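Welcome! Please take a moment to look over the sequence and the 3D structure shown here, and then read on for a guided briefing.

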Amino acid sequence: MKKLLCGLLAGTLLPFGAAQADETVGSNQNPNVLIAYYSWSGNTKEIAEDIHKAVGGTLFEIQTVQSYPEEYRATTEQAKKEINDHFKPELKTKVENMAQYDTVFIGSPNWWGTIAPAVSSFLAEYDLNGKTVIPFITHGGGGEQNTVKDLTAQCTGCNVSSHPWVSYKTMTLGRMNGWLKEIGFIKE
Ligand SMILES: Cc1cc2nc3c(=O)[nH]c(=O)nc-3n(C[C@H](O)[C@H](O)[C@H](O)COP(=O)(O)O)c2cc1C
C-alpha cells in the first residue's frame, strides 16, 4: 500500500522535471540535444518547454546578469540601444558541457527585427562549430524579419536548419508536432 502511494505521489505531485527524470520520454531522451532559449515575457519559454516535452534533451534558459526593466517600453528602449550598439550582455547562466550536444535548438523573441542581445551573447560565448542549430522565434506580429538570418550569421560554422520555428507569441495551432516531424524529431 505504501509502495502504491509513493508511486502515485511520484506520478502526480512531484514537479515536472523531477517526475520526468527517470522516464525515457523525459530528459534521458535525446541526451545530445540542448534546447537553449532567452525569454523576457514568457512566450519563447513556453515554446521551449513544448519542444522539451516532445524531444527531451536539456532545457537551458539564457539569463543576463543585469535584468531588463519590468516595464515594456523601457525594455524596448534599452533593447533598441543595445542592438544598435551591437552590445552583448553578460550571461548569468552557463552550459556545463557544450561538447556533449550535437543539436542545439536556440530560441529568441524577435526584438527590433532581430534576435535578443542575450542570444547574441550566447552565440559568441559558445563554440557551436559543426553542430546542427535549429532556431525557434516568437514575435509580436512582425514575423521572422532578420531573426534567423542574423542568428545564422552569428553562429560560426553551424549547420542552421532551413526549417526554423516562427510563431506569433505562443499561438501554435497544433503546428508543433508537424514541425517536429518535418525536422525528424517525431517519427509518425
Ligand atoms: C524589446 C522588444 C522588442 C520587440 N520588437 C519586436 C519586433 O521588432 N517585431 C515583433 O514582431 N515583435 C517585437 N516584440 C514582441 C516580441 O517579439 C513578442 O512579444 C515575443 O513573443 C516575446 O517573447 P518572450 O515572451 O519570450 O520575451 C518586441 C518585444 C520586446 C520586449
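Strand β7 (residues 165-168) has a covered face made of Trp165 and Ser167, while Val166 and Tyr168 make up the uncovered face. What you are looking at is a predicted model, where local features need pLDDT of at least 70 and side-chain atom pairs count only at pLDDT 80 or more, while totals for chains, interfaces and linings use all residues. Residues are numbered from 1 along each chain as its sequence is written.

**The overall plan**

- The protein has 7 helices and 7 strands; helices (H or I, at least four residues) and strands (E, at least two) are DSSP runs, numbered from the N terminus.
- If you read along the sequence, the pattern is α-α-β-α-β-α-β-β-α-β-α-β-β-α.
- Of the 188 residues in the protein, 31% are buried. A residue is buried if 20 or more other C-beta atoms lie within 10 Å of its own, exposed if 12 or fewer, and partly exposed in between, with C-beta atoms placed from the backbone.
- Two residues are in contact if their C-beta atoms, placed from the backbone, lie within 7 Å. Among contacts between residues at least 6 apart in sequence, 79% join residues at least 24 apart.

**How confident is the prediction?**

- The mean pLDDT of the protein is 87, and 85% of its residues reach 70 or more. Here pLDDT is the predictor's confidence in each residue, from 0 to 100.
- Over residues 1-26, pLDDT stays under 50, and the model has 11 contacts beyond four places in sequence for them.
- Where pLDDT is low, the predicted coordinates should not be read in detail.

- Strand β1 (residues 33-37) is mostly covered, with 5 of its 5 residues buried.
- Val33, Ile35 and Tyr37 point one way from β1, Leu34 and Ala36 point the other way, and all are buried.
- Two strands pair if DSSP finds at least two bridges between them. β1 runs parallel to β3, joined by 5 bridges, and Tyr37 stands opposite Gly107 in β3.
- β1 also runs parallel to strand β2 (residues 58-61), with 4 bridges joining them. The bridge partner of Tyr37 in β2 is Glu61.

**Strand β5 and its partners**

- Why is β5 described as largely enclosed by the rest of the structure? The reason is that 7 of the 8 residues of β5 are buried.
- β3 and β5 pair in the parallel sense over 7 bridges, and Phe105 stands opposite Ile134 in β5.
- Strand β5 (residues 132-139) is joined to β7 by 4 bridges, and these two run parallel. Ile137 stands opposite Val166 in β7, and His139 stands opposite Tyr168.
- β5 and strand β6 (residues 159-160) run parallel too, joined by 2 bridges. Thr132 has Asn159 as its bridge partner in β6.

**Helix α4**

- Helix α4 (residues 72-84) has 13 residues and reaches 18 Å from its first C-alpha to its last, close to the 18 Å expected at 1.5 Å a residue. The expected span of a helix is 1.5 Å times one less than its number of residues.
- His86 follows α4 and has a positive phi, near 55 degrees.

**Around the ligand**

- The ligand is surrounded by 21 residues, and the closest are Ser39, Thr44, Pro109, Gly140 and Gly142. A residue is near a molecule or strand if its C-beta atom, placed from the backbone, lies within 6 Å of it.
- Which elements give two or more residues to this shell? They are α3 (43-55), α4, β3 (103-111) and β5.
- The shell divides into 5 nonpolar, 14 polar and 2 charged residues. Ala, Val, Leu, Ile, Met, Phe, Trp, Tyr, Cys and Pro count as nonpolar, Asp, Glu, Lys and Arg as charged, and the others, Gly among them, as polar.

- Asn30 is not a glycine, yet it has a positive phi of about 50 degrees. Asn30 lies in the loop between α2 (16-20) and β1, and it is partly exposed because 17 other C-beta atoms are within 10 Å.
- Lys169 is not a glycine either, and has a positive phi of about 50 degrees. Lys169 sits in the loop between β7 and α7 (175-182), and with 16 other C-beta atoms within 10 Å it is partly exposed.
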